Protein chains: 2
Amino acid sequence: MMKAREQNPADGRHVVIVGGGFAGLHAARRFGRRGYRVTLLDKRNFQLFQPLLYQVATGSLTIGDIAYPQRTLLRKMPKVWTLNTTVFDIDPEKRCVYHEHGELHYDLLVAATGVKHNYFGNDHWREHAPGLKTAEHAIQMRRRIFRAFEYAEMCEDDAERTKLLTFVVVGGGPTGVELAGALGELTRKTMVRDFRRFRSQDARIVLLEGGPDILPVYPASLRAKARKHLADLGVEVQTSAMVEDVNAEGVRVRHSDASERIEAKTVLWAAGVRPSLFGQVLADATGAERDRGGRLLVNPDCSLPTHPDIFVIGDLASLVDASGQQVPGLAPAAIQQGRYIADTVYRRDRGKKVKPFRYRDWGTMAVIGINRAVGNIRGWKTSGMLAWFLWAFVHIRALIDGEQRLRVFVNWSWKYFTRQMGDRLITGDPTHTQSLREARLRASQTAESQAAVEARRRDVA
Amino acid sequence: MMKAREQNPADGRHVVIVGGGFAGLHAARRFGRRGYRVTLLDKRNFQLFQPLLYQVATGSLTIGDIAYPQRTLLRKMPKVWTLNTTVFDIDPEKRCVYHEHGELHYDLLVAATGVKHNYFGNDHWREHAPGLKTAEHAIQMRRRIFRAFEYAEMCEDDAERTKLLTFVVVGGGPTGVELAGALGELTRKTMVRDFRRFRSQDARIVLLEGGPDILPVYPASLRAKARKHLADLGVEVQTSAMVEDVNAEGVRVRHSDASERIEAKTVLWAAGVRPSLFGQVLADATGAERDRGGRLLVNPDCSLPTHPDIFVIGDLASLVDASGQQVPGLAPAAIQQGRYIADTVYRRDRGKKVKPFRYRDWGTMAVIGINRAVGNIRGWKTSGMLAWFLWAFVHIRALIDGEQRLRVFVNWSWKYFTRQMGDRLITGDPTHTQSLREARLRASQTAESQAAVEARRRDVA
């Protein structure tokens, strides 16, 4: 029946895409353009530019700068339908997915739900060490970071203030490096005049990496540059440092020889990923093989070996491509896979030959602060100001929408020339929900030490 | 002792300001510049440009566009100290305020904590009809509005969909009018191509006003213009309409003759204000007289009649000024009062004569949609595109920070020329927190009706 109408082989086939990130969104666009009937299901109503989330967490960008409603991005495609709902199960035999508001039959399924944080069996650490995968994560992280400074400004106790001004970033991959670098920029440049009771540049920033060096996928010369950039911004890098415990008061770290405790009120998690919930459900339902990180192993055309009508793309997929390279969990790879599967299905439907997926590596780059970045562009190594400008150009270019490009450009130009930042708001957890009685109780407990507040206050003025 | 040093009468005196909105922030700046030692206490770490909150709620601006950290705005004033804490009590005899993290002695107190929503004794309506005073309110309102559209796109039942696409705004003052106008713009212009199962322009928007007309402070000719602008955008205005009940399914409205129920999933509250919690605490502690709306009556110099060392400014104060005019609860009045009290205290400390506060009315303006606004500028009445441009100019100019001006300018220009909006994100209430089991249960309950989803889905494509 599918081949019955020769004019458009896409006709009548229903492609269901789960997940509207880079992979899913670009698959939806390409399938839609090829004439397929597409339904895109996402629990969020917006696409998020995840590589820049750390800039929201550290107050450089606002979340609206890096997110855009999928519905609007797909509005011009009448055959693409967007639904804001959570998919929780699949029946591969019936070709059916089950979501919050019902069920949908598919002819082809595309799973692009990505990954979430991995606490390596210590999920109770999550509460004390938030990760950075969603918009809410970024806002929560921002709240923790800026609240720590606010509390430090009111804190009477020197040891407690030191703990408030200690920030631990776990994970020396690009996210951890960029996050630690942004904290260095924030405390050494942006906020130097903001506080009266401490110098923001005295804040301690510790980057912990379990392996022998940070940024393991980069060449040694760029790793050394990155370490220098971090040192310039006051970031203390500890390698071969395994986190043994995380709680509200800090982390315990094991080095080769001994364990050390780092007292810190703010611990940020940028280490390791595991498949999204739907990825796990899909693996269970299809019996798909998974790699060490839990990602689903796929055929060279990105379909599941057991189910050729199911494609897995983006961070959720594990694939060694045609050139023998492990496809990395990066936005460009996700975009290329999304487009690839639509083209491949279309070619196959027209009886043409298809090629296996091949990742085109346009380079990777990590930014550590303004004018400080390292880049590896098809073997060409760059660092410093040039790398930073390249990075800024690439990221602004990759932001899908024209208005977003403009906004981010304005924000960054402003930041570049003034060293100021625009969105250091503490939102989402308003103090006024706390009862007055409780506040009064806390105050009476600390009232004695507050004679000292006033005395010190006078010193300041 | 205070007058001991003649060189600077400000020396050694401690001004404590509670609340960092327009009034408090401008008082802090002016007192700081005059050489007074100032402590600004606010439960938020940012100043919010409240007149534009409705644009965040309807997706035109992002919250970072209209908020800025007080700490950064005051960083250049070494004698001004900013603390991010909630004040919950005051002892006017001891001259002491009590906050979350301790207590502070003052020589002069400035209360500028503003107002919050008034549900006129029906505080249980709050849950179903969120107001618009804080950043979280705006994000919550945005979530409700855009989620209603998302649900409507998935809804099988026609009556239910109609209910999801009915929006009721309670209150015909500037906020209510602007909010209803923005909803009209959103549904009649911005989103017309976004949905497949309904036309966004079929959404019903009802603006309810208890009095005989909307925008009661405006002249009759401008009220008529505003009604026309609203009608052009599909907003249905009901006057002399008293809300009798609000619940999750809509509102009951009493007109002169009979009661009517409006079935609506989204009810937004823009009617009436009452003093902030600290305003009430202050009134109780000082025995200050209050007007009908609960605001504190102040002397012509904005001090409390019972306590000349306590000033009340901004929305919290009730004052008929030197020209016999009731000072309105608007940002310009708050700014003027903040500056006035600092100048007045300074003059008095130097033994100079002081004048009573006099509000300089630069005009009021309400915007109903792009190219649609009404303005009353010192008696000069304007409407339409000219009023809209004036409004845009005045608002952009009033945004304190240079970067914010640029960002808002970019956003609005973009919106103006493309009729697109930038920040329609549903955040802060992620669906994935809902357990899978629960989702599955809901799905199985609706599974039967979902055979129809697929059928209708085919019709759409």
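Student: Which residues of helix α8 of chain A are buried?

Tutor: In α8(A), residues 277-286, the buried ones are Phe278(A), Gly279(A), Val281(A), Leu282(A) and Ala283(A). Buried means that 20 or more other C-beta atoms lie within 10 Å of the residue's own, while 12 or fewer is exposed and anything in between is partly exposed, with C-beta atoms placed from the backbone. Helices (H or I, at least four residues) and strands (E, at least two) are DSSP runs, numbered from the N terminus. This is a predicted model, where local features need pLDDT of at least 70 and side-chain atom pairs count only at pLDDT 80 or more, whereas totals for chains, interfaces and linings use all residues. Residues are numbered from 1 along each chain as its sequence is written, and chains are lettered from A and ligands numbered from 1 in the order in which they are written.

Student: What do the buried residues of α8(A) pack against?

Tutor: They pack against β1 (14-18), β6 (87-91), β9 (108-111), β18 (273-275) and β19 (296-297) of chain A. Contact here means that C-beta atoms, placed from the backbone, lie within 7 Å. Just after α8(A) comes Gly287(A), with a positive phi of about 65 degrees.

Student: And how much of chain A as a whole is buried?

Tutor: Of its 461 residues, 52% count as buried. Chain A has 13 helices and 24 strands.

Student: What about α4(A), is it mostly covered or mostly open?

Tutor: Mostly covered, with 14 of its 20 residues buried. The end C-alpha atoms of α4(A), residues 135-154, are 29 Å apart, which agrees with the 28 Å that 20 residues should span at 1.5 Å a residue. The expected span is 1.5 Å times one less than the number of residues.

Student: At what angle do α1(A) and α9(A) pack?

Tutor: Helix α1(A) (residues 22-33) and helix α9(A) (residues 331-349) pack at about 30 degrees, with their axes 7 Å apart. That makes α1(A) roughly parallel to α9(A). Angles under 35 degrees count as roughly parallel, over 145 as roughly antiparallel, 65 to 115 as roughly perpendicular and the rest as oblique. Axes are lines fitted to C-alpha atoms, for helices over the stretch in contact, and angles run from 0 to 180 degrees between N-to-C directions.

Student: Which residues meet there?

Tutor: Among them are Phe22(A), His26(A) and Phe31(A) in α1(A), and Ile335(A), Ile341(A) and Asp343(A) in α9(A).

Student: Switching to chain B: what is the strand order of the sheet with β11?

Tutor: That open sheet of four strands runs β13-β12-β11-β17 in chain B, with parallel pairing. Strands β13 (235-238) and β17 (266-269) of chain B are at the edges, each with a single partner, so one side of each has no neighbour in the sheet. Two strands pair if DSSP finds at least two bridges between them. Four bridges join β11(B), residues 166-170, to β17(B), and Val170(B) has Trp269(B) as its bridge partner.

Student: Which way does the β22-β23-β24 sheet pair?

Tutor: Those three strands of chain B form an open sheet with antiparallel pairing. Its edge strands are β22 (364-369) and β24 (380-383) of chain B. Helix α6(B), residues 174-190, lies across β22 and β23 of chain B, at about 25 degrees to β22(B).

Student: Last one: which residues of β9(B) are buried on each face?

Tutor: Leu108(B) and Val110(B) are buried on one side, and Leu109(B) and Ala111(B) on the other.

Terms used. Two residues are in contact if their C-beta atoms, placed from the backbone, lie within 7 Å.
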